[in-house]
Amino acid sequence: MDSVVINEAIKACLTETDFRLSEAARIAKAAEACANAGSVSEGVTVSMDIGQLIYEAGRLHHAASLLNRLSQA
């Protein structure tokens, strides 16, 4: 596979990883604000989407790592 194509794919994976982790951090801050304001239950409810975002970020990171290893083989 062409190294330019692989590098672009890796960049796309890393960009999407950053987006998902930033979104997870934003949600975590909102959940913390709810909890600090005395609404712990609402904070937990707000935080429920974090797990999926972290999972997706992990999969994207694995894809970027695999592409990188394959490009060096």
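## Buried residues and the nonpolar core

R20 is buried, its relative accessible area being 19%. This falls under the 20% cut-off for a buried residue, so the arginine is classed as buried at 19%. The model is a predicted one.

R20 lies in helix α1. Its side chain forms a polar contact with the side chain of E16, at 2.6 Å. Setting aside neighbours within four places in sequence, the contacts of R20 are L53, E56, A57 and L60.

L60 also belongs to the largest nonpolar core of the structure, a set of five residues that includes I6, I10, C13 and A64 as well. Two helices, α1 (3-36) and α3 (50-72), each contribute at least two residues to this core. The greatest contribution comes from α1, which gives three residues.

| Residue | Relative accessible area | Class |
|---|---|---|
| C13 | 13% | buried |
| C34 | 16% | buried |
| R20 | 19% | buried |

C13 is a member of the largest nonpolar core, and with 13% relative accessibility C13 is counted as buried because the value is under 20%. The same cut-off applies to C34, which is buried because its relative accessible area of 16% is under 20%. The structure contains zero disulfides.

Note on methods. Residues numbered from 1 in each chain as written. Predicted model: local features only at pLDDT ≥ 70, side-chain atom pairs only at ≥ 80, totals over all residues. Heavy atoms only, no water. Core = buried A, V, L, I, M, F, W, Y, C linked by side-chain atoms within 4.5 Å. Buried < 20%, exposed > 50% of the residue type's maximum accessible area, 1.4 Å probe, protein only. Helix = DSSP H or I, 4+ residues; strand = E, 2+ residues; numbered from the N terminus. Disulfide = S-S within 2.5 Å. Polar contact = N/O pair within 3.5 Å; in protein donor to acceptor, adjacent residues only side chain to side chain. Contact = heavy atoms within 4.5 Å.
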